[in-house]
Number of protein chains: 2
Amino acid sequence: MGDNRPIGIFDSGVGGLTVVREVFKLMPEEQIIYFGDTARVPYGTKSERVVEKFALQDILFLLSKNVKMVVAACHTVSSMVLDRLIQGFHLPVLGVVEPGVKSALERSKNKRIGIIGTKGTIESKAYERKLKDKDRDVYVVSCPCPLFVPLAEEGWLEQSVTYQIAEIYLSPLREEKIDTLILGCTHYPLLKGVIKKVIGYDVSIIDSAEETAKIIRKRLMAFGMERKSEEACDHKFFVSDIPHQFQEIGSRFLGMKLKNISRVDIESTGITPMECGLR
Amino acid sequence: MGDNRPIGIFDSGVGGLTVVREVFKLMPEEQIIYFGDTARVPYGTKSERVVEKFALQDILFLLSKNVKMVVAACHTVSSMVLDRLIQGFHLPVLGVVEPGVKSALERSKNKRIGIIGTKGTIESKAYERKLKDKDRDVYVVSCPCPLFVPLAEEGWLEQSVTYQIAEIYLSPLREEKIDTLILGCTHYPLLKGVIKKVIGYDVSIIDSAEETAKIIRKRLMAFGMERKSEEACDHKFFVSDIPHQFQEIGSRFLGMKLKNISRVDIESTGITPMECGLR
């Protein structure tokens, strides 16, 4: 059997390409359609109302590409609005929060778990709620790190100021004696070296991109939806804006040369929920 | 005579409130209608095509509020697309680039001028072009400072890392022996203390917000368009999103409590160029 349709993955910008990279590693046979909302990035500083509207437009666009599954590779969307949004769709819609939560609970021994992310992600308390839903005894401490995204995009991955800023953000978490830290933002894996050094090598770092790829594979296998075609497939990357240096920054996140990029006007694709077969 | 209609001021977000603050100081009798595109902020990392589309929507929205003048209090808009956009309107449209250029040329003695701003502003080379148009002999050196905006929004105005980051960005400008530095981004006045200390007190700092307010007054007086009404007026602030802590951050930029805020859906105001009396 199987299902040869592509997997749709979206994010507010280039960050979600870290999830695509992990899917390529784990399931090289699958075809990917990616959408990055680079014209309206970032989502992390915006209100729930606006994030919900943008996320719905992003999902509808992917549905118009006949995908078999939608992955919100955006922590802001996954933590703020995904639980509400997935109700309406008749295909699997996954986020990046659940996989990180699951893995953190498996790995933590002292049940003291830290979370770092954008303001939107942290203030939504989605991670905290999901962790406590699954284990009432877990102690959660979280911290927004707004400067990590511009540092990652600037490419200052090992600079002295990067260590100092990490020290400011992470030392309160270290003092709380966490043994597990969830990287609650797709940009943060680029700073993993600095983060590990500052928080301490005895703390397990949960990379949500890796964990999400594992869950995607599990879900596809559970439903018999893996791609079975022997034909080579073309991955397609859509963005709402192609700014200067986009290919360079995008390739850094994807871990390989980014090609097949097209621009779409996400505000006026004119795709309605009905046309996408929404319930 | 005079003209009692309000002045329209827009920016990609809260930064333009530094211009509003200067207008309040210089022309307390004028009424302001402000629009901040907080749902799509920032513009500085986006392409010319997208910035032009957003700026046109912002201007049309202000025109629908019956303003007598439009001020683009956004360096990205002013430097990337304003020269093209202002052609079509039958009312004065001002930007924040010209006023800074004018003032820098008046103040510089050695004709070595520095400019700092977002990537979009610096890569557009608009400042450089305008400075050289007015004085062929001027030597211009510029540098994008992407971390200054998140530092200002984080409120890290005097931290040790802020000094170090300023040192990384500004030391090449200092070595070029500039005697004048244009702050080419509405957020940067908040970091003026750090910038002055790092670049040296002998360098004149050009605050575009202050210079823009002066030009607005000059233009209103030249056309006899000052507000003459004795009635008190209500300023109005429109934004495309009201995220968490918006009032707090906005008030920091405005220098007083921000009130009378309304949310508008800028993507679907449905205002056409025709309805706004565009030529």
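## Around A:Val71

Two residues are in contact if their C-beta atoms, placed from the backbone, lie within 7 Å. Setting aside neighbours within four places in sequence, A:Val71 is in contact with A:Ile7, A:Gly8, A:Ile9, A:Val19, A:Leu94, A:Thr212 and A:Ile216.

This is a predicted model, where local features need pLDDT of at least 70, side-chain atom pairs count only at pLDDT 80 or more, and totals for chains, interfaces and linings use all residues. Residues are numbered from 1 along each chain as its sequence is written, with chains lettered from A and ligands numbered from 1 in the order in which they are written.

## Strand E2 in chain A

Strands (E, at least two residues) and helices (H or I, at least four) are DSSP runs, numbered from the N terminus.

Strands pair if DSSP finds at least two bridges between them. E1(A), residues 7–11, runs parallel to E2(A) and is joined to it by 5 bridges; here A:Asp11 partners A:Gly36. E2(A) also pairs with E9(A), residues 236–239, in the parallel sense over 4 bridges, and A:Phe35 stands opposite A:Phe238.

## The sheet in chain B

Over in chain B, 6 strands form an open, parallel sheet ordered E4-E3-E1-E2-E9-E10. E4 (93–95) and E10 (261–263) stand at the edges with a single partner strand each, so one side of each has no neighbour in the sheet.
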